[in-house]
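I opened my notebook to look up a strand, a loop residue and a chain contact. Here is what I looked at.

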Amino acid sequence: MSCLLQLRGIEKRFGSFAALRGVSLELRAGEIHALMGENGAGKSTLIKVITGVHQATGGSMEMAGRAHRPRRPQQAESAGISTVYQEVNLLPNLSIAENIMMGRQPMWGPFIRPVEGRRRARAALARLGLEVDVARPLGACAVALQQMAAIARALDQEARVLILDEPTSSLDAREVAELFAVLRRLRDQGMGILFVSHFLDQVYALSDRITVLRDGGGVGTWDVAELPRLDLVGHMIGKPVAARAAESARNEFRGRAAAGFFQVEQLERRGVAGPFAFGVEAGGATGLAGLLGSGRSELARMLFGIDPATSGKVRVDGREVALHSPRAAMAAGLAFCSEDRKVEGIVPSLSVRENIILALQASRGPLRRLPECEQAALAEKFIQALNIKTRGPETPMGTLSGGNQQKCLLARWMAVQPRLLILDEPTRGIDIGAKGEIEALCAELRRAGLAILFISGELDEVVRNCNQVVVLRDRRQAAVLEGGAISLQRIMETVAAA
Amino acid sequence: MSRLLSSRLLPLFATALVLLVLFAGAGWHYEHFFSARVVLNLFKDRAFLGVIALGMTFVIVSGGIDLSVGSVMACSTVLLATLIMGMGWPVPLAMLVTLGFGAAFGGAQGWIIQAYRIPAFLVTLAGLFLARGLAFMLSPRSLEIRHAVYTDIGARGLPLGDGLTFTLGPIVFVAVLAAAIAVAHGTRFGRTVYALGGSESSAALMGLPVGRTRIAVYALCGAGAALGGILSTVALGSGDPTRGTGLELDAIAAAVIGGTVLSGGRGWMVGTFLGVLILGTIKTILDFEGSLDPAWLRIASGGLLLGFILLQKLIAIRARDI
């Protein structure tokens with residue numbers, strides 16, 4: 001097999017911080033090559049160097065035998081390298097066809113030929129086995145279709161190298177299968193595909209070779225068949241996987257939820273979700289399990305007063321509380337880590353310290369400013385305790401990797417010392433090592449008496465962490481499982497029950 | 001599909017409907033309202049606002065704003081008057097130089113916005129003061145333009161019979177509208193403007209020329225303001241440093257009433273055209289109703305603007321829920 005893209009000793013420094021320290025990689029024609037590594041290992045930076053968003057400060061690249069040093073994304077594209085970024089980077093206000101053809105529209109003098117453009121867009125989508133109305137605005141399409149449009153854009157440019165940065169994090173199982181079928185077909189046509197994912201199953205199902213990065217350096221490249229999963233994880237985190245602290249916490253816990261301090265009674269938001277009825281015990285973990293769209297996030301938003309309930313009651317310590325706004329919910333001892341950390345959670349331009357103290361400051365009110373030294377101490381404490389990888393407490397939040405941002409969010413809510421912490425998809429888009437750390441952290445918090453409401457699309461995570469599981473179906477409560485009754489099998493049966 | 005399309009075009013339909021209702025209502029209420037002369041005057045009086053509002057629409061669609069257009073227009077009228085009357089330049093050359101001034105002023109603002117990542121609101125606010133000051137420096141008071149060529153082009157136009165002529169102002173307005181539609185929807189530059197307003201980072205990652213396009217958009221808007229100034233000197237026979245005060249807000253209002261979303265990425269040139277006509281029709285109605293307080297002009301414009309903003313929000317919410 002011939003080598004398409006060759007990277008030799010790539011280095012990238014941001015100021016004094018070395019994001020990449022001599023990474024080498026070889027992408028062959030007709031292979032799917034997985035790029036693995038923990039958050040902050042340098043995967044995204046490496047991709048941005050290949051695509052010309054960043055310029056390498058050392059090392060060399062070759063694309064199809066010719067030196068490759070792009071200064072702009074355009075140059076990488078014309079060299080035959082197309083990229084589908086983690087957050088779909090397309091234009092929601094324009095049509096599917098325009099998104100595919102943008103910048104390469106067929107022209108007639110100074111004017112675009114829209115009919116020809118739509119025909120070519122349809123042809124590119126047809127190669128992916130899709131037949132859609134390409135005049136539809138992209139923003140109105142499902143994320144999966146948007147991703148397909150991004151790939152179709154790559155196909156229309158006759159790309160020879162396709163880079164996919166976490167393409168599956170927002171797709172459901174069927175959509176993932178469709179995407180993989182497309183990728184395999186493209187590989188068989190001789191394309192070189194570089195694939196970044198956090199899902200080990202997917203990596204093993206799809207890729208031919210794996211390159212592992214750790215702390216900005218290349219650990220090595222292996223054929224998939226020669227790299228057992230445990231070894232891969234070991235290479236990624238550089239140490240054996242953290243002990244299953246979560247599981248032991250679950251077994252230790254013997255509380256009775258029915259008599260818990262936090263009681264939800266027939267809570268409902270008309271037309272959205274409900275009714276719900278369950279209790280949460282101090283130190284307990286309640287999981288919300290159900291399919292995507294089953295009402296998990298809706299319930300969380302109801303409890304935290306973002307979209308308040310229209311009927312039903314919530315009692316804390318037997319006293320009825322009205323959760324009509326996030327402020328009221330915080331006063332009642334609730335804290336909420338949102339699912340969409342990019343939009344609703346972090347403030348990227350503020351520093352790590354400021355992000356961590358945000359909720360605490362808000363609960364104190366604007367007049368009682370937290371003293372500077374206390375802020376610094378708090379930030380330092382959480383950076384240590386949660387093992388947040390940052391250059392320092394004053395680094396802007398936006399420069400941290402996804403997992404580390406998530407840890408900062410956790411820190412923010414831990415700082416206010418809530419009684420019930422709602423975690424909506426706390427482990428989405430973060431890697432195995434960080435996942436384990438966050439689960440262990442939750443277990444520790446529970447030992448200190450904090451109750452957790454845990455929402456996750458990954459059922460085994462729910463089973464592993466929770467002593468009570470509320471199963472949701474069609475935006476209603478289908479069942480409450482407790483203690484020994486909790487198993488993957490039972491949850492799935494309840495979800496699937498007619 | 002048809003429902004989706006109709007919801008996307010809804011603001012445009014709403015604008016057209018409002019214009020129709022206003023016009024029909026006024027025609028029913030006032031004698032002589034429904035006449036070619038009224039329509040013609042509507043176009044004549046609103047021609048320079050129209051040209052400026054079209055430039056503004058490009059800027060807003062690209063995700064920016066240009067507060068300097070009123071001042072740039074005033075400065076252009078005084079510059080033109082000075083070049084022709086004070087320095088004796090030939091009229092066509094003076095007009096070309098004035099257009100060039102507008103484009104350069106706008107382009108410079110665009111360059112500052114792009115190069116230093118400063119909000120357009122601030123840069124063009126500075127531009128608003130700068131250009132107004134420049135206008136007063138060129139001439140502290142109104143300058144009459146007495147020139148054979150000027151009286152000539154002022155009188156010319158397409159004869160429509162009945163003693164009516166489609167004069168230069170309206171002709172240029174309609175021509176600029178046609179060009180704006182062609183550029184916005186039919187060229188790579190136009191589509192890149194929409195892309196820029198949709199998501200700048202996505203546009204950059206798609207390899208589109210983000211910086212060049214942004215500077216060009218502001219240059220275009222500045223040239224539009226200068227062209228508006230030229231048209232106003234032809235219509236009024238003078239250059240005046242106080243002209244066009246607050247015009248930037250009328251231009252923004254016309255664009256928004258026409259369905260352009262202030263956060264960028266969405267808008268129609270035709271909508272802005274309709275928005276300009278709506279503002280003009282309200283003014284005409286007030287002229288007909290001699291006894292009415294002119295304050296109603298502002299109140300009606302404000303009410304309409306609010307109504308259209310709420311409509312846009314409603315559509316956005318509905319689109320999210322689908």
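Where is A:Arg369 found in chain A? I noted first that this is a predicted model. I found A:Arg369 in the loop between helix H13 (352-364) and helix H14 (372-385) of chain A.

Next I checked its accessibility. A:Arg369 has 52% relative accessibility, so it counts as exposed, the cut-off being over 50%. Leaving out residues up to four places away in sequence, A:Arg369 touches A:Gln361, A:Arg364 and A:Gln375.

Then I turned to strand E20 (residues 451-455) of chain A. Is E20(A) enclosed or open? Five of its five residues are buried, so the strand is largely enclosed by the rest of the structure. In a regular strand, side chains alternate between the two faces of the sheet. On one side of E20(A) I listed A:Ala451, A:Leu453 and A:Ile455, and on the other A:Ile452 and A:Phe454.

I looked up the partners of E20(A). Strand E15 (residues 285-289) pairs with E20(A) in the parallel sense over four bridges. There A:Gly287 stands opposite A:Phe454. Strand E19 (residues 420-424) also runs parallel to E20(A), joined by five bridges. There A:Ile422 stands opposite A:Leu453.

B:Arg188, B:Leu205 and B:Met206 supply 36% of the area that chain B buries against chain A. I found one salt bridge across the interface. A:Glu98 forms a salt bridge with B:Arg191, with the closest N and O atoms 2.5 Å apart. H8(B) gives the most to chain B's side of the contact, with six residues.

Technical notes:
Residues numbered from 1 in each chain as written. Chains lettered and ligands numbered in written order. Predicted model: local features only at pLDDT ≥ 70, side-chain atom pairs only at ≥ 80, totals over all residues. Heavy atoms only, no water. Buried < 20%, exposed > 50% of the residue type's maximum accessible area, 1.4 Å probe, protein only. Helix = DSSP H or I, 4+ residues; strand = E, 2+ residues; numbered from the N terminus. Pairing = 2+ DSSP bridges. Contact = heavy atoms within 4.5 Å. Buried area = accessible area lost by both parts, 1.4 Å probe. Salt bridge = Lys/Arg side-chain N within 4 Å of Asp/Glu carboxyl O.
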